[in-house]
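I opened the file to look up how the chain is put together. My notes follow the order in which I checked things.

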Amino acid sequence: MSKAPARLSVLFVTSELAPLIKTGGLADVSAALPVALAAAGAEVRLLVPGYPAVMEGVRAKSRVASFPALGDMPASQLLAGKHSSGVPMLIVDCPALYGRTGGPYQDASGVDWPDNALRFGLLCYLAAVLASGRSPLPLRPQILHCNDWQSGLAPAYLHFFPGERPRSLLTIHNLAYQGIFPAETVSRLGLPAAAYSPEGVEFYGRMSFLKAGLHYADHLTTVSPTYAAEIQTAEFGFGLEGLLSRRRSHLTGILNGVDVDAWDPETDPYIARYYGVNRLPAKQENKRALQERMGLSVDLDLPLFGVISRFTPQKGLDLVLACARELIAAPAQLAVLGTGDRDLQEAFQQLAKALPGKVAVQIGYDEGLAHQIEAGADLFLMPSRFEPCGLNQMYSQRYGTPPVAHAVGGLADTVVDYSAATLAERSATGFLFQPATAEALQGAITRAVGVWEDTKAFRLIQKAGMARDFSWDASAERYMELYRTMLAS
Ligand code: ADP
């Protein structure tokens, strides 16, 4: 009898993991992708730092290994446990580096932890050890999957270990954060001096975790095909475009999925009335509820635009501010939820004050209201200047709320722009514009309102969006194919 083929084994290294510790999309990816990979046949283990939220949130843990100090990184223990999804976890227990209250990267006042190089250096070092012949555990991953700068140094450590190595992959979720530290950090992290070279971890006179990963990892991915191309240009490359362009034959864009159970208008517990592709008129009840909740005048005959966003320059919200009065004159309404930059918060609050009943703004993070805006708005605005993947434009398509989005990154890859041709072939799912200017956004808003008034055409766009498959299963299949290609090469 032939033996069943061994499952492809993956060590997935991450600095964030929902629901335990989250600052952005990486936490959601780290929670969802390993589950989908396991369903697709992989054997996945997570490796995460033992922040208090992880130590408290993962109940049953057992100690499986101990490691001595290296450079300036203290001794640590490795604990084994399970994520709430059932995926096995390895946790780096090092109270001197992780046992503190605050965020994963910053203290409570928003200042970077001064020892971040050691905190994430240790994560990278142990990832490399566990993936190599030096591992004290029987587990031998075939793929070491790293994410963003916080695990970017693992392929560098691996490079300097003699003997057999797994294949390494680094996924870029956001190139804007790079983990750059003084040159002398190299020896504090126990890396050989030879690593500090332009053909290594050096980046303009300092060391860079991300650059190290981009150089040493066998393969690179980012979270959409268009972003993969964009980061090879000076406009989007944050100084790394040369290296990324040289490595382009080892750089793949794979779209993130979304949580299709949490974001489903047929079962969403946050919304006033369930609806689906065959019960679209029921969506109006959610529009009425949203207008009431946010203090907009209740009027189902006006198109209602929604925004849910972090308030940062990346998200292009200054363009929304610049267009707001014209949008209201369309006539239309605007509902905004977000938090972040002070100036943007104040500008939106002033706008709401000046246009009561027409513009409503809520400052803060509110999961329930985010679902209600997706369900209650007619159209969704996403004018991001750059967008590695983006989630809200996928949610809004699932909710029959066509996005009006800047044609960049993941937005360009997930929204099919309306035209007579795309409508005729039933593929149009939203409205794209270019470049990122107020004029271009205004043009797209005007186009969108024009189509919204044509109920039959608008329904076709809603239905095409609601039929799209944005599940993690589709995404995991792509990663599995890539892992297999990496192992075969
Ligand atoms: P990014 O990760 O760059 O912030 P994404 O579109 O990829 O942008 O994901 C943002 C996620 O955070 C979405 O799930 C969105 O609904 C959510 N979100 C952002 N701001 C808020 C807010 N103020 N309240 C509730 N959810 C928010």
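These entries go from domains to sheets, then to helix pairs and backbone details.

**Entry 1: domains**

I noted before anything else that this is a predicted model. I then looked up the domain assignment of the chain. It gives domain 1 as 8–257 + 472–488 and domain 2 as 280–466. I checked how far apart the two are: their C-alpha centres lie 34 Å apart. I also looked up the contact between them. On the domain 1 side 15 residues take part, and they touch 15 residues of domain 2.

I read it as 3-4-5-2-1-6-7-11-12, with mixed pairing. Which strands stand at the edges? I found strand 3 and strand 12 (251–253) there; each has a single partner strand, so one side of each has no neighbour in the sheet. The twist from one strand to the next averages 25 degrees.

I went through some of the pairings one by one. Strand 3 (residues 62–67) runs antiparallel to strand 4 (residues 76–82), and five bridges link them. Ser62 has Ala80 of strand 4 as its bridge partner. Strand 4 also pairs with strand 5 (residues 88–93), again antiparallel, over six bridges. Here Leu79 is bridged to Ile91 of strand 5. The hairpin of strand 4 and strand 5 has five residues between the strands, and I noted Gly86 in it with a positive phi near 100 degrees.

I then moved to strand 12. Strand 11 (residues 219–222) and strand 12 run parallel and share three bridges. Leu220 has its bridge partner in strand 12, namely Leu251.

Helix 19 (residues 472–488) touches strand 1, strand 2, strand 6, strand 7 (167–172), strand 11 and strand 12. The direction of helix 19 makes about 145 degrees with that of strand 7. Helix 1 lies across strand 1, strand 2 (42–49) and strand 6. I read its angle to strand 2 as about 155 degrees.

I checked one pairing in detail. Strand 13 (residues 304–311) and strand 16 (residues 379–382) are parallel, with two bridges. Phe305 is bridged to Leu379 in strand 16.

**Entry 2: helix pairs**

I looked up axis angles and distances, since two packed helices are described by these.

How do helix 10 (residues 283–294) and helix 13 (residues 367–376) cross? Their axes come within 8 Å and the angle is roughly 130 degrees. The two helices are therefore oblique to each other. The crossing is left-handed. I listed the contact residues: helix 10 gives Lys283, Asn286, Lys287, Leu290, Arg293 and Met294, and helix 13 gives Leu369, Gln372, Ile373, Glu374, Ala375 and Gly376. By class I have five nonpolar, three polar and four charged residues.

I then took helix 11 (residues 317–329) and helix 17 (residues 438–452). Their axes come within 9 Å and cross at roughly 45 degrees. So helix 11 is oblique to helix 17. This crossing is right-handed. Leu319, Val320, Ala322, Cys323, Glu326 and Leu327 of helix 11 meet Ala438, Leu441, Gln442 and Ile445 of helix 17. The contact has eight nonpolar residues, one polar and one charged.

**Entry 3: backbone details**

I checked for cis peptide bonds. The bond from Ala18 to Pro19 is cis, with omega near 0 degrees. Pro19 sits in the loop between strand 1 (8–13) and helix 1 (25–39). The bond from Ala330 to Pro331 is cis too, with omega near 5 degrees. I located Pro331 in the loop between helix 11 and strand 14 (333–340).

Asp148 has phi near 60 degrees. Asp148 is in the loop between strand 6 (143–147) and helix 5 (154–160).

Technical notes
Residues are numbered from 1 along each chain as its sequence is written. This is a predicted model: local features need pLDDT of at least 70, side-chain atom pairs count only at pLDDT 80 or more; totals for chains, interfaces and linings use all residues. Side-chain values use heavy atoms; hydrogens and water are left out. Axes are lines fitted to C-alpha atoms, for helices over the stretch in contact, and angles run from 0 to 180 degrees between N-to-C directions. Helices (H or I, at least four residues) and strands (E, at least two) are DSSP runs, numbered from the N terminus. Angles under 35 degrees count as roughly parallel, over 145 as roughly antiparallel, 65 to 115 as roughly perpendicular and the rest as oblique. A crossing is left-handed if the near helix is turned anticlockwise from the far one by less than a right angle, and right-handed if clockwise. Contact means heavy atoms within 4.5 Å. Ala, Val, Leu, Ile, Met, Phe, Trp, Tyr, Cys and Pro count as nonpolar, Asp, Glu, Lys and Arg as charged, and the others, Gly among them, as polar. Two strands pair if DSSP finds at least two bridges between them. Domain bounds come from an automatic or database domain assignment.
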